[in-house]
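Colleague: I would be grateful for a close look at the pockets of this model. Please describe what surrounds the open space and how that lining is made up.

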Amino acid sequence: MADQIKIVVSDLDGTLLPSMGEVSKKNYECLEQLKKSNITRVIATGRTLYSAMAVLPEDFPIDYLIFSSGAGIMRWETKELIYSQQIEAEEVLELSKILVDHEIDFMILDPIPNNHQFWYYKSGNKNQDFDRRLNLYKQFSTPVGNISDTKRDACQILAILPNKVDWFEEIKTKFDDIKIIRATSPLDHESIWMEIFPLHISKGHGCEWLCNQLGLSANDSFVIGNDYNDIDLLEWGKHSYVVENAPHELKDKYQVTESVIDDGFALAVEKVLSECTVR
């Protein structure tokens, strides 16, 4: 018997939502059709709750929003927060010391749902992408005056590095018992965003938690992404796709659909559903 698809999970930026654009009519209609087919619709994004809701209309056709790379989950229809995790203050302090020692610029995001607010540390080195994000959310930011300011509960720590993969991998080895997620900057599309979370946080883990609540499993899933922070999601899913605009490392490993601007999401969903027996 063919697989059944009962849950569809999509990354947002670069997968469903083009840069400086909006969700296409075909992709939007695909989400609406999934509801008629009794299929649960989920967006899994690295955006904070504040940032995600700034680009998604209140009536956007999804059932759940997994945000901050899996640190929080919202039931979309009621806007009820059903899951959240954080890093405790003592650990945030220790993590911050490592970053300061290596002259890395970083932001400490407040616990959910206020994780658009943050404290920030600047090393003094040139970092245009860091400055760009700081300027975008300047009204929500507070500078770190001394290291004791970093001793605070946090949803995550966001460090912004130049596009030097070897350096990212080297810095990653300095941390123990914590989740390090690599993402490409959505601002300059080049810098590396090092996202530091509690150990078991990822988009894939968020999907696993949600499926447990809904009585579903990874075997019921279709997932799609476009960047390195989608790897845990792509590894978790049964039918995993990336859009054509994804990095070559991902396209070499997963099935590939059209780009974000060519309705890749809808085309991949249609292809998989045509091959599967749907509930």
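Modeller: A pocket is here an open set of grid points where a 1.4 Å probe fits, with protein on both sides within 12 Å along at least five of seven lines. The model in question is a predicted one. Its largest pocket has a volume of about 1100 Å³. The lining of this pocket comprises 40 residues, and those nearest its centre are Asp13, Arg47, Ser185, Pro186 and Leu187. Several elements of secondary structure each supply at least two lining residues: helix 2 (49-55), helix 4 (128-136), strand 9, strand 10 (179-184) and strand 11 (192-197). Of the lining, the largest share is that of helix 2, with four residues. By residue class, the lining of the largest pocket consists of 18 nonpolar, 15 polar and seven charged residues.

Thr150 counts as buried because its relative accessibility is 0%, the cut-off for buried being under 20%. Leaving aside residues up to four places away in sequence, Thr150 touches Ala89, Val92, Leu93, Ser96, Ile108 and Val144.

How values were computed. Residues are numbered from 1 along each chain as its sequence is written. This is a predicted model: local features need pLDDT of at least 70, side-chain atom pairs count only at pLDDT 80 or more; totals for chains, interfaces and linings use all residues. Side-chain values use heavy atoms; hydrogens and water are left out. Buried means under 20% relative accessible area, exposed over 50%, partly exposed in between (1.4 Å probe, protein chains only). Contact means heavy atoms within 4.5 Å. On a 1 Å grid over the protein atoms alone, a cavity is a set of points where a 1.4 Å probe fits but cannot get out, and a pocket is an open set with protein on both sides within 12 Å along at least five of seven lines; lining residues have an atom within 4 Å of a point. Grid points are joined across faces, edges and corners, and a volume is the space filled by probe spheres set on the points. Ala, Val, Leu, Ile, Met, Phe, Trp, Tyr, Cys and Pro count as nonpolar, Asp, Glu, Lys and Arg as charged, and the others, Gly among them, as polar.
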